[in-house]
Amino acid sequence: MTDVTDPDEVLGEAEAVEQPSAGRVDRFRSEIGDMPVRGRAGDPDRLGYRAGVALLVAGPLLVFVTWLKVSDTNVLHEQVSYLVSGGLLALTLSAAGVALFLRHSFSRTMRLWMVRLMHEQRERPEGP
Amino acid sequence: MTDGAASEPLLELRGIRAAYGRIEVLHGVDLAVPEGAVFALLGPNGGGKTTTLKVAAGLMPPTGGQVHVAGREVTGARPEDLAHRGLVMIPEGRGIFPNLTVRENLRMNTLAGVSMQHVEEVAYNQFPRLKERRTQLAGTMSGGEQQMLAMARGLATDPAVLILDELSMGLAPIIVEQLYEIVAGIAEQGVSILVVEQFARTVLGVADLAAIMLHGRVQRVGTPDELEDELSSAYMGG
């Protein structure tokens with residue numbers, strides 16, 4: 001699609017813009033120098049996603065270990081102790097894993113959805 | 001180009017590799033934008049130009065290589081951190097809010113800590129037409145005016161490095177030429193500019209340096225005069 005508006009009418013007379021201060025680049029260098037950089041591994045979505053997957057594996061593993069411990073003894077209070085400590089911890093880890101996994105999967109999905117919306121918007125005819 | 005061009009580049013990519021899923025689209029891209037220079041990245045569609053810009057702006061993490069800004073390695077830095085300090089990208093498709101007025105679009109820049117007065121002053125001085133349109137919905141303006149709004153928003157934060165992706169998209173060639181005159185004016189103020197453009201001839205008129213990208217690699221870097229003859233073969237696959 002091509003814009004057919006008269007360029008002179010569109011652009012008008014561009015007035016002189018105030019020159020940026022001579023120290024703009026120096027300030028930029030200084031600010032970039034002070035900027036925190038977390039590196040490639042610092043992507044919170046990627047970290048959260050991986051942590052979620054790890055917890056989702058760790059939770060059921062702990063359930064299995066707890067089951068082994070419980071089945072290893074006939075003493076009731078020991079079994080209850082294993083269930084309370086291992087079982088609850090396993091459930092907590094699994095719940096946290098599900099939450100992290102969904103949260104960080106959704107944010108990736110939502111971002112893709114936004115990109116799609118922007119793409120569709122771009123495809124629409126432009127204004128008058 | 002300023003004297004600083006002789007010193008270290010303001011933006012530099014070293015051996016950048018990037019992938020969408022398992023498909024690698026950049027296979028070791030090297031380029032350097034000197035201080036105050038206009039660097040044009042040219043080449044046919046699918047060559048990896050936009051992906052290169054995304055990596056440079058921090059919008060896409062590279063799978064390999066390094067991004068250096070003002071002499072410091074910033075690979076993996078958050079795009080908002082880079083933008084806040086003065087590395088600004090104007091994306092393909094302008095990225096304006098079509099359902100907001102011009103003034104409301106400009107107001108978005110105040111979230112970056114800039115006063116509305118400053119934002120409007122910069123925008124309306126550079127693009128007087130936007131002042132007339134300030135209460136109009138951005139989506140109802142012409143393509144040229146929308147592009148001006150996108151550029152005004154980018155300039156309002158006082159950038160040191162400006163990244164432009166397909167400034168000419170959907171615009172008549174004569175408007176593109178006018179916009180590139182403004183780009184040249186911005187570069188004269190000391191802003192380093194990395195630009196991806198399909199209108200190769202137009203952008204070469206204002207560029208200090210240019211590179212031809214093909215299949216995820218920079219094939220050739222040089223001055224516009226040096227590259228002009230090679231452009232046709234690059235676009236025609238010759």
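Visitor: What share of the 128 residues in chain A is buried?

Guide: This is a predicted model, and burial is judged by counting neighbours, a residue being buried if 20 or more other C-beta atoms lie within 10 Å of its own. The elements of chain A run α-α-α-α from the N terminus on, giving 4 helices and 0 strands. Among the 128 residues of chain A, the buried share is 12%.

Visitor: How much of the contact set in chain A, taken at a separation of 6 or more, joins residues 24 or more positions apart?

Guide: The contacts considered here are those in chain A with a separation of 6 or more. Of these, the part that links residues 24 or more positions apart comes to 78%.

Visitor: Is Gly87(A) buried, partly exposed or exposed?

Guide: Gly87(A) sits in helix α4 of chain A, which covers residues 76–123, and, leaving aside residues up to four places away in sequence, it touches Val63(A) and Thr66(A). Burial would need 20 or more C-beta neighbours, whereas exposure would need 12 or fewer. Because Gly87(A) has 17 such neighbours inside 10 Å, it counts as partly exposed.

Visitor: How far apart in space are Gly87(A) and Pro36(A), C-alpha to C-alpha?

Guide: In sequence, Gly87(A) and Pro36(A) are separated by 51 residues. In space, the distance between their C-alpha atoms is 40 Å.

Visitor: Turning to chain B, which strands are the edges of its open sheet?

Guide: The sheet is built from 6 strands in the order β6-β7-β8-β3-β9-β10 of chain B, with mixed pairing. An edge strand pairs on one side only, and in chain B this holds for β6 (87–90) and β10 (217–222).

Visitor: Which residue of β10(B) is the bridge partner of Leu214(B)?

Guide: Strand β9 of chain B, residues 209–214, pairs with β10(B) in the antiparallel sense over 5 bridges. Within β10(B), the bridge partner of Leu214(B) is Arg217(B).

Visitor: What angle does helix α1 of chain B make with β8(B)?

Guide: Helix α1 (residues 49–56) of chain B packs on the sheet, where it touches β3, β6, β7, β8 and β9 of chain B. Comparing its direction with that of β8(B) gives an angle of about 145 degrees.

Visitor: Why is α1(B) described as largely enclosed by the rest of the structure?

Guide: The buried residues of α1(B) include Lys49(B) and Lys54(B) as well as Leu53(B) and Val55(B). Just after the helix, Gly58(B) takes a positive phi of about 85 degrees. The helix α1(B) is largely enclosed because its buried residues number 7 of the 8.

Visitor: Which helix supplies the largest share of the side of domain 1 of chain B that touches domain 2 of chain B?

Guide: Chain B is divided into domain 1 (3–86 + 159–236) and domain 2 (96–157), and 10 residues of domain 1 are in contact with 8 residues of domain 2. On the domain 1 side, the largest share amounts to 4 residues and comes from residues 173–188 of chain B, helix α7.

Visitor: How many residues on that side of domain 1 of chain B are nonpolar?

Guide: The residues of domain 1 of chain B that touch domain 2 of chain B include no charged ones and 2 polar ones. The nonpolar residues on that side number 8.

Visitor: What ipTM does the predictor give the complex?

Guide: For chain B, the mean pLDDT is 87, and 94% of its residues reach 70 or more. For the complex, the predictor gives a pTM of 0.71 together with an ipTM of 0.81.

Technical notes. Residues numbered from 1 in each chain as written. Chains lettered and ligands numbered in written order. Predicted model: local features only at pLDDT ≥ 70, side-chain atom pairs only at ≥ 80, totals over all residues. Pairing = 2+ DSSP bridges. Helix = DSSP H or I, 4+ residues; strand = E, 2+ residues; numbered from the N terminus. Contact = placed C-beta atoms within 7 Å. Axes fitted to C-alpha atoms, helices over the stretch in contact; angles between N-to-C directions. Domains from an automatic or database assignment. Nonpolar A, V, L, I, M, F, W, Y, C, P; charged D, E, K, R; others polar. pLDDT = per-residue confidence, 0-100.
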